[in-house]
Amino acid sequence: MKILVTGGCGFIGSNFIHYWLSLHPDDTIVNLDKLTYAANPQSLKDLENNFHYQFIQGDICDENLVDKILSDKIELIVHFAAESHVDRSIDDPLLFVKTNVLGTYTLLNCAKKHGNIRFHHVSTDEVFGSIPFNSSAQFSEQTPYDPSSPYSASKAASDHFVRSFHKTFALPITITNCSNNYGPFMNPEKMIPRMITNIIDNIKIPVYGRGENFRDWLYVTDHCSAIEAVITRGKIGDTYCIGGLKETSTNIDLVKKVLNLMGGDESMIEFVADRPAHDNYAVSWEKIHRELGWQPEETLDSGLIKMIDWYRENESWWREAKTEAEAFYQKLNDYKNLNK
Ligand SMILES: NC(=O)c1ccc[n+]([C@@H]2O[C@H](COP(=O)([O-])OP(=O)(O)OC[C@H]3O[C@@H](n4cnc5c(N)ncnc54)[C@H](O)[C@@H]3O)[C@@H](O)[C@H]2O)c1
């Protein structure tokens, strides 16, 4: 089978390409990626000479390019490409509308033109909004959409377009809405790798508010196996929620856990002004477990240990991206201070 993966040079896309080719070595993957700041082509360097892997630099909004790629026997699209950072969506919402909404629409439209190519859309639990503090509720496939940030609003819009192409044009789609991922090849602008690399550099770890917000953490290869389950055995037209844990973790407990695993102490924690509309997340993965037999393999501890080891061993992969990420956060702080 020949597969188009979009956004394959990003965090989850690169893990997915490794995962898929290791289990399906006879398939061919074409990776279409614009190479934004979030991409790191080094993540796929080991595949450079693999006959079953091809990289194309380009934009998912470029209809002519997408058309041309699909005309070369693509049977499945796995769509990861997105602007994915909530803080950046507060800084520049329009970019999120372009890539996440217009880009997804462009792919759908081209998939339809080329004989209704099978389309898997990778989305987020953030489309469901926030779970109240002191609640044991979980997001599920029945939860109404209620996005809080420009990022989650743009992903919600893209989910609606994907479903509409199934209902209106019979495009064979599936959607997964998953919780926060963590693992290797993750840009150090995101919370866990920022924490790990700060501890390596012996600098303070900023924690939004008092760290009381909670998340449901999903190890990235567990996410890849869930996507594989949905692609191979999922029901066309259906949505599956994916989560990682049986219990959520507050941000402050997570920081303390990482500090403990890395031999740091709590004096490294620095509480900073909270992000606007800061959500809480927890996901029920009961449907995908019941219907497709999927469940996560990693616990938060086992996943964090693997991730910490990877960041310790791969400084050359993250060092440049960390410099860029810290410059971005500095700009965001300067802006906040100006508007106080
Ligand atoms: N990271 C998470 O915790 C998480 C959780 C739930 C859902 N998701 C979803 O999973 C997908 C992948 O997330 P990620 O964390 O790997 O993202 P990422 O930011 O690490 O990578 C995104 C990739 O998409 C590429 N890209 C961006 N705009 C593009 C465009 N216009 N055309 C082509 N390529 C473009 C970037 O260059 C980058 O390689 C996203 O759709 C995201 O919404 C992520």
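**Helices, contacts and the ligand**

Tutor: Start with helix α6, whose buried residues are M191, I192, P193, M195, I196, T197, N198 and I199. The model is predicted, so local features need pLDDT of at least 70 and side-chain atom pairs count only at pLDDT 80 or more, while totals for chains, interfaces and linings use all residues. Residues are numbered from 1 along each chain as its sequence is written.

Student: What makes α6 mostly covered?

Tutor: Eight of the 11 residues of α6 are buried. A residue is buried if 20 or more other C-beta atoms lie within 10 Å of its own, exposed if 12 or fewer, and partly exposed in between, with C-beta atoms placed from the backbone.

Student: Which residue is 64 residues from G263 in sequence, and how far away is it in space?

Tutor: That residue is I199, at 9.0 Å from G263, C-alpha to C-alpha. I199 is also among the buried residues of α6.

Student: Why are α6 and α10 called oblique to each other?

Tutor: Helix α6 (residues 191-201) and helix α10 (residues 300-313) pack at about 55 degrees, and their axes are 10 Å apart. Axes are lines fitted to C-alpha atoms, for helices over the stretch in contact, and angles run from 0 to 180 degrees between N-to-C directions. Angles under 35 degrees count as roughly parallel, over 145 as roughly antiparallel, 65 to 115 as roughly perpendicular and the rest as oblique. The pair α6 and α10 is therefore oblique.

Student: Which residues make that contact?

Tutor: I192, P193, I196, T197 and I200 of α6 meet M307, I308, Y311 and R312 of α10. They divide into seven nonpolar, one polar and one charged. Ala, Val, Leu, Ile, Met, Phe, Trp, Tyr, Cys and Pro count as nonpolar, Asp, Glu, Lys and Arg as charged, and the others, Gly among them, as polar.

Student: What makes α8 oblique to α10?

Tutor: α8 and α10 pack at about 55 degrees, their axes 11 Å apart. That angle makes α8 oblique to α10. In the contact, K257, V258, L261 and M262 of α8 meet L304, I305 and I308 of α10. Six of these residues are nonpolar, none polar and one charged. Residues are in contact if their C-beta atoms, placed from the backbone, lie within 7 Å.

Student: Where do α1 and α7 touch?

Tutor: The axes of α1 and helix α7 (residues 220-233) come within 9 Å and cross at roughly 65 degrees. The contact is made by I12, N15, F16 and Y19 of α1 and V220, T221, H223, C224 and I227 of α7. Six are nonpolar, three polar and none charged.

Student: Which residues come nearest the ligand?

Tutor: Of the 31 residues around the ligand, these are G7, G10, A38, A39 and A82. A residue counts as near if its C-beta atom, placed from the backbone, lies within 6 Å. The shell has 14 nonpolar, 12 polar and five charged residues. Its largest share, three residues, comes from α1.

Note on methods:
Helices (H or I, at least four residues) and strands (E, at least two) are DSSP runs, numbered from the N terminus. Two residues are in contact if their C-beta atoms, placed from the backbone, lie within 7 Å.
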